[in-house]
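This briefing concerns the structure shown below. It takes up helices, backbone geometry and a pocket in turn.

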Amino acid sequence: MHHKPSILITITLLLLVLICATICHSSGPTYSGEVVSIIDGDTIHVREYATKELHKVRLAGIDAPELDQPYGPNAKAAPEAILKYHTVQVQVQANDKYQREIATVSSKGADISAFMLRYGFAWHYKHFNSSTLYAQLEHLARSEHLGLWEYEGNVPPWVWRKRKITR
C-alpha cells in the first residue's frame with residue numbers, strides 16, 4: 001500500500017479548493033447542510049440547514065465501486081472519514097431517475113468528487129461528465145497506483161451493475 005506524506009495531501013486539497021472555483025458552477029439550487037450519512041462512495045445524505053430537509057445527493061462526475069464490488073467498502077470509507085457530520089455546500093445540477101440530486105459537493109472549498117478521483121476512490125463518469133480536470137485527476141491516481149488503481153483488473157461500476165442485471 002502506498003502512503004503519501006500528509007504535506008502532499010494538504011497541498012492537493014489546497015489546489016482542489018482553488019480548482020473548485022473554476023468548475024463549481026451552479027445550474028440549480030445551492031444550499032449548505034450537514035452530511036448525516038454516507039450511502040456509498042458517491043451518494044450521501046445531507047440535511048439542509050435552512051429547511052431541515054433531508055437530501056439524497058449523488059456526487060457529480062464520478063462513479064465509485066458498488067459496495068459488493070472489490071474496493072467498494074474502501075470507496076465508502078473515504079467520504080465517511082472526511083464528510084460525515086461535516087458542513088458541505090451543495091450545488092445541484094440535476095435530479096436523476098432515482099430522485100437523487102446530482103450535485104457538486106464541496107467541503108471547506110474543496111470539491112469532493114475531485115478528491116475521490118485524485119486518490120483513486122472512484123472513476124470519472126465520462127458518460128455524464130466531460131470535465132478535463134476530472135479526467136486528469138483520474139489519470140494521476142491511475143499512474144500513481146493510488147486507491148483502487150493498486151489492483152489489476154478493476155471493473156468499472158457501470159459494467160459491474162450491468163453484469164449483475166444480466167445474471
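The model is predicted. Just after helix α4, His-145 adopts a positive phi of about 55 degrees.

**Helix α4**

- Helix α4 covers residues 132-143, and its 12 residues reach 16 Å from the first C-alpha to the last, close to the 16 Å expected at 1.5 Å a residue.
- Leu-133, Tyr-134, Leu-137, Glu-138 and Ala-141 are the buried residues of α4.
- Viewed down the axis of α4, these buried residues fall within an arc of 135 degrees, so they line one face of the helix.
- Thr-132 and His-139 are exposed, and they sit on the face of α4 turned away from its buried side.
- The N-terminal end of α4 is capped by Ser-131, with a side-chain oxygen 3.3 Å from the backbone nitrogen of Leu-133.

**Helix α2**

- Helix α2 (residues 72-83) has 12 residues, which should span 16 Å at 1.5 Å a residue; the end C-alpha atoms are 17 Å apart, in agreement with that value.
- Its buried residues are Gly-72, Ala-75, Ala-78, Pro-79 and Leu-83.
- Seen down the axis of α2, the buried residues fall within an arc of 125 degrees and therefore line one face of the helix.

**Residues with positive phi**

- Most residues other than glycine have a negative phi.
- Lys-52, although not a glycine, has a positive phi of about 65 degrees. Lys-52 is found in the loop between β2 (43-48) and β3, and it counts as exposed because its relative accessibility is 54%, where the cut-off for exposed is over 50%.
- Tyr-85 is likewise not a glycine and has a positive phi of about 65 degrees. Tyr-85 lies in the loop between α2 and β5 (87-95), and its relative accessibility of 54% means that it counts as exposed.

**The largest pocket**

- The largest pocket has a volume of about 640 Å³.
- It is lined by 24 residues, of which Arg-58, Asp-96, Tyr-98, Arg-100 and Tyr-125 are the closest to its centre.
- The elements that contribute two or more residues to this lining are β3 (54-59), β4 (62-63) and α5 (157-166); β3 gives the most, with 3 residues.
- By class, the lining of the largest pocket comprises 10 nonpolar, 4 polar and 10 charged residues.

Definitions and conventions: Residues numbered from 1 in each chain as written. Predicted model: local features only at pLDDT ≥ 70, side-chain atom pairs only at ≥ 80, totals over all residues. Heavy atoms only, no water. Helix = DSSP H or I, 4+ residues; strand = E, 2+ residues; numbered from the N terminus. Expected span 1.5 Å × (residues − 1). Buried < 20%, exposed > 50% of the residue type's maximum accessible area, 1.4 Å probe, protein only. Arc of directions from axis to C-beta. Polar contact = N/O pair within 3.5 Å; in protein donor to acceptor, adjacent residues only side chain to side chain. 1 Å grid on protein atoms, 1.4 Å probe; cavity = no way out; pocket = protein on both sides within 12 Å on 5 of 7 lines; lining within 4 Å. Points joined across faces, edges and corners; volume = space filled by probe spheres on them. Nonpolar A, V, L, I, M, F, W, Y, C, P; charged D, E, K, R; others polar.
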